Structure formats: C-alpha cells, structure tokens
Amino acid sequence: MNKREEKKGKDSQERLPFIRNDLFVVPSSHSEKPYLLGSKCTKCGRVFFPRRTICSDCLIEVALEDLPLGRRGKLHVGSIAHTAPIGFKPPYVVGYIDLPEGLRIFSEIKDFQICQDFLIPGTEMLIPGTEMELIIEKIREDEEGNEVIGYKFMPIRKPDSE
Amino acid sequence: MRKVAILGVCMTKFGKHLDRSLRDLGREAILGAVKDAGVSLKDIQIAYVGSGLAGLITGQEGVRGQVILKEVGLEGLPIINVENACASGTTALFGAWMSVTSGYCDVALALGVEKLYCGDTAKSLKALATDSDVEMEGRMGFLFPFRYSTTIREHMKKYGTTREQIAKVCVKSHKNGSLNPYAQYQNEVTIEEVLNSRIICDPVTLLMCCPIGDGASALILTSMDVAKRYTNKPIIISSIVLQSGKTVNLKNPEPMNIYERTSRKAYEQAGVGPEDLDIVELHDAATPAELLRYEDFGLCKKGEAGRMVDEGRTEITGDIPCNTSGGLVAKGHPLGATGPGQVTEIVWQMRGQAGPRQIKPIPKIGMLQNGGGLVGGEPAIMSVTILKR
C-alpha cells in the first residue's frame with residue numbers, strides 16, 4: 001500500500017469531527033485530580049481559557065505558558081434549562097463559573113437533583129457565589145451513542161453556610 | 001467617506017416556508033427592493049448576501065449568493081457571501097455600505113436570506129448551536145435562552161424588575177406583530193398567557209422566545225448622487241458600527257458591555273444621542289433582551305427599564321417606540337434576513353408607509369441593533385446602525 005492509500009484508509013475510519021483535546025488534563029495518577037488547562041501571558045499575566053497562542057491585550061508573539069487552572073470557582077449565575085440540545089436530557093443545570101484566574105466560563109452544573117439544595121427560594125436560579133468544584137465526566141452522548149467526555153462543575157456548599 | 005442612502009427596501013413575510021427555496025425567497029426580496037428603489041437590476045454593481053445557517057439546513061453551504069442571484073439574472077458582478085450568525089444580514093449591509101461610502105461603486109445590494117425550517121426541529125436546533133464555539137459552549141450544552149434568563153435574573157435581583165414587566169414587553173411585541181402583515185406571529189397575547197406558557201429557562205417562557213423562521217429581506221444602497229435622481233427625500237445611513245465580542249476578563253473588566261460600546265460609537269459617529277431617536281428596532285431574540293437594551297442604549301437610566309415599560313414609553317404611541325414591527329419575538333427571526341428586515345421597518349416608518357402601526361409624527365431618526373452568536377462570554381458580533389431622513 002502506498003502512502004496515499006494508507007492515508008485514505010485512515011481518514012475514512014475517522015468519522016467523528018475533530019474536537020480539541022487540550023481543554024483539560026486528567027492525570028494518570030489517581031491521587032491527582034483533573035484540571036482545566038489555560039494559557040498565561042508571560043508579559044502581562046492575563047490568563048485565558050481555552051488555551052491560545054497570543055494574548056489579546058498584548059497582541060505580540062511572546063510565549064504564552066500553559067497554566068493549570070484552579071479547580072474551584074464561584075458561581076456567577078446558574079439556571080435550569082427545560083429545553084436541551086441533542087444529547088442532553090432536560091431538565092439540566094447550566095451556569096457561569098468565576099475562576100480565581102479572572103475567567104468566567106460556561107459549564108453544565110451537576111446535577112438537577114444536587115442543585116435543588118442550592119436554589120434561590122421561589123426560583124429556578126442557583127444561589128450566586130455558591131462554591132463549585134470541577135469534575136470531568138460524560139456530558140452527553142453524540143448521535144451515534146458515543147460518550148462525549150467534558151468538564152462540569154458541582155456545587156460544594158452554599159455561600160452562607162458552612 | 002461619502003454619504004450613503006438606502007433607496008430601496010423589501011422583505012418577504014417571515015415564517016415557515018417549507019415549500020419555498022432560498023432562491024425563491026431571495027428573488028422576491030431582491031425584485032421588491034429594486035422596484036422600491038426605482039433602479040434597474042443592471043444598476044447593481046456589487047452584492048453582499050448574508051445567511052446564518054441556511055447552508056447547514058439546505059446543504060448549500062458554499063456560493064449561496066451566486067446560486068440565488070442567478071435566479072434574477074445577476075452574474076458577473078462581485079458577489080460576497082457573508083456569514084455572521086444572527087447578524088449576517090447587517091454584516092452584509094456593512095459590506096454594501098463600505099462599498100458605496102468608499103467610492104468603489106454607486107449602487108450596492110445587501111440581501112439577507114434564511115431557511116431554518118426543514119421539517120426536523122432537532123436539525124434546526126443543532127444548526128443553531130453552531131453559533132457558539134462548537135468545541136466549548138456548543139459542546140457543553142449552551143442554549144441562547146439560558147443567556148437571556150441569567151442576564152435578566154441579575155437585573156431583577158438588582159433593580160426589582162418583575163416578571164409582569166417582562167411579560168408586558170412580550171405583549172407589546174405581539175400587539176405590534178398583529179399589525180404587521182409581514183410578521184410570523186400576528187396574534188395578540190395576554191400577560192397571563194405569556195407567564196403561563198411553558199418555562200424554557202426561568203424566567204424565560206416559550207412565548208418570550210423568538211421562533212425559528214424562513215424569509216428574506218433586501219436593501220439597495222446608493223451614493224447620494226444616484227439617490228437624488230430617484231427621490232428628494234432619501235434615507236441616509238448616519239452611522240454603522242460592527243464589532244466582535246471580547247473575552248471576559250474579571251481582573252480587568254471592560255467598562256462597558258458590547259451593547260453600550262457599539263451604541264455609544266454609533267451615537268458619536270452620527271452626532272446624535274439616545275434622546276434624539278424616534279424609533280428603535282432591537283434584537284429581542286428573547287423578550288428580556290429588550291428591557292436590558294433600553295438601558296444599554298441609554299433610552300432610560302440603569303435600573304429603570306421596568307418603569308419605562310409600565311409607562312408605555314416604548315409602545316407605538318410612546319415617546320420612543322421600540323420594535324414596532326413586532327421584533328424578533330413576533331415578527332420572527334430568520335437569522336440572515338433579520339437585520340435587513342429591521343432596516344426595512346425603519347425605512348417604512350420614516351416614509352409613513354407602516355400602515356396601522358405607523359408612528360406619529362413620522363420618525364426622523366431611527367436606530368437598529370442586530371447581534372449574533374456567542375464566543376468567550378460575549379456576543380460574537382454586534383452591529384448598531386443609525387438612519388436619518
């Protein structure tokens with residue numbers, strides 16, 4: 001088989017679209033916990049997620065270094081979605097999490113049952129400021145039934161309680 | 001930079017057009033705008049064709065503009081295909097404006113055209129998810145109503161804005177839509193119906209969300225020299241601002257949000273302020289957005305959107321009518337056609353052609369805002385345009 005045929009054979013097997021695989025790191029050692037991977041500008045210190053090659057503020061080609069992001073953040077705002085894109089089963093909870101590096105990221109929040117304890121009374125909104133912890137797990141199944149692994153956050157305690 | 005006039009406008013009825021092609025919808029809009037302007041197809045020197053998701057839905061992902069324009073015989077001229085999510089149409093307008101203001105040509109066509117209905121709602125919703133970063137928000141279950149839910153919730157908490165006030169805006173949109181023969185929904189609704197419709201993402205209910213839709217709208221832009229040959233009352237583009245969103249940085253936050261940034265720049269370039277506006281068409285993909293934009297655009301002070309609603313200031317009979325067309329919620333939101341459709345409404349209002357929803361006295365200065373997508377925590381693209389007669 002020549003090189004071109006070899007390549008053709010490989011492409012035809014890759015049915016899934018390319019999805020970036022640098023959003024998070026799951027250490028091989030079970031004692032270390034997974035983390036999101038960002039980039040830090042070596043000139044101004046601004047942190048980005050996901051990783052990128054050039055800082056928007058500096059716009060010069062200085063190296064951005066990989067930075068493991070803090071695993072805990074605070075909920076900026078969160079709410080229950082009663083309609084869902086393909087692969088998600090409503091109701092599910094979504095929100096924006098503020099990370100200590102100055103990032104605000106969108107994430108699914110685990111999960112509907114757990115979040116019932118963190119709602120603002122009389123609403124379907126989560127209590128802002130709730131401390132959240134990163135988890136990496138299945139977020140949905142694609143149309144062919146394959147698991148899609150991604151990041152989520154899970155509430156760990158209410159802002160006003162211990 | 002030369003002054004640019006909007007000489008001709010046209011839109012199809014927005015709605016579910018399962019039996020109509022992009023070519024068919026585009027044809028109606030283009031021929032209508034050419035007739036409205038009084039020019040000939042031969043006069044068009046450049047064309048910008050904006051669609052958001054029609055490629056994914058119909059399979060015509062490439063060269064849509066050429067395929068559509070051939071239907072009306074337009075060949076050989078520069079055709080530029082534009083995609084910018086829900087703001088694809090005003091991005092096409094921006095291109096057409098640049099072509100005329102720069103002196104490159106005297107007559108430009110901006111067409112917005114869309115098909116979102118395909119008989120498979122899941123396919124349409126999947127296509128809509130591609131207006132975010134598909135490897136980020138799109139992958140993690142982001143839906144646009146969620147954003148409207150959370151932003152209005154912050155506002156409710158901070159300023160005491162109520163569900164009833166949000167519902168009142170939705171009632172206004174449907175009332176205006178009922179007066180617009182081009183609107184997708186032409187039925188009135190009550191506050192109770194709005195609040196009791198299915199919850200999508202609290203406090204956003206089904207009736208507060210715009211529908212998906214099909215449709216087209218075309219605009220003919222010309223230099224002032226050409227415009228004066230056809231009319232003695234040309235409508236002029238006073239300013240047009242197009243900006244992409246920025247990644248949120250909590251350690252050094254932007255002093256203004258993207259709606260404030262684009263509208264302030266548009267006011268500055270047009271030499272007007274919010275108090276000078278007689279009509280506003282704004283991007284209410286879900287009703288809560290409308291209340292927030294009142295404040296972002298300086299139509300009222302921060303925190304006073306609810307009061308503005310209670311006072312009826314943005315009704316057709318109010319001092320600053322907003323979304324007289326019915327807005328995205330009632331008129332419909334065929335992504336690429338939405339922005340040119342907003343222009344069409346303002347032009348009709350400024351010419352006194354808006355029928356039962358005509359603002360009196362006839363407006364002189366109008367503003368439209370059309371945004372699209374979401375990347376890095378802000379809308380991916382935002383445009384604000386100010387028109388004067």
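Q: At what angle do the axes of helix 4 and helix 14 of chain B cross?
A: This is a predicted model, where local features need pLDDT of at least 70, side-chain atom pairs count only at pLDDT 80 or more, and totals for chains, interfaces and linings use all residues. Helices (H or I, at least four residues) and strands (E, at least two) are DSSP runs, numbered from the N terminus. Axes are lines fitted to C-alpha atoms, for helices over the stretch in contact, with angles from 0 to 180 degrees between N-to-C directions. Helix 4 (residues 88–101) and helix 14 (residues 335–351) of chain B have axes that come within 5 Å and cross at roughly 60°.

Q: How many nonpolar, polar and charged residues are in the contact of helix 4 of chain B with helix 14 of chain B?
A: Contact means heavy atoms within 4.5 Å. Helix 4 of chain B brings B:Ser88, B:Gly89, B:Thr90 and B:Leu93, and helix 14 of chain B brings B:Gly336, B:Gly339, B:Pro340 and B:Val343. Ala, Val, Leu, Ile, Met, Phe, Trp, Tyr, Cys and Pro count as nonpolar, Asp, Glu, Lys and Arg as charged, and the others, Gly among them, as polar. By class, the contact has three nonpolar, five polar and no charged residues.

Q: How many salt bridges does a search of the whole structure find?
A: A salt bridge is a side-chain nitrogen of Lys or Arg within 4 Å of a carboxyl oxygen of Asp or Glu. Over all chains, the search finds 33.

Q: Which residue forms a salt bridge with A:Asp66?
A: The closest N and O atoms of the pair are 2.9 Å apart. A:Asp66 lies in strand 4 (residues 64–68) of chain A, and its partner sits 15 residues away in the loop between strand 3 (47–48) and strand 4 of chain A. A network of salt bridges links A:Arg20, A:Asp22, A:Arg51 and A:Asp66. The partner is A:Arg51.

Q: Is A:Glu131 buried or exposed?
A: A:Glu131 forms a salt bridge with A:Arg157, at 2.9 Å between the closest N and O atoms. Buried means under 20% relative accessible area, exposed over 50%, partly exposed in between (1.4 Å probe, protein chains only). A:Arg157 is partly exposed at 37%. With a relative accessible area of 19%, A:Glu131 is buried.

Q: What is the N to O distance in the salt bridge of B:Arg20 and B:Asp24?
A: Residues are numbered from 1 along each chain as its sequence is written, chains are lettered from A in the order in which they are written, and side-chain values use heavy atoms, without hydrogens and water. B:Arg20 is buried at 18% relative accessibility, whereas B:Asp24 is partly exposed at 26%. Their side chains meet at 2.8 Å.
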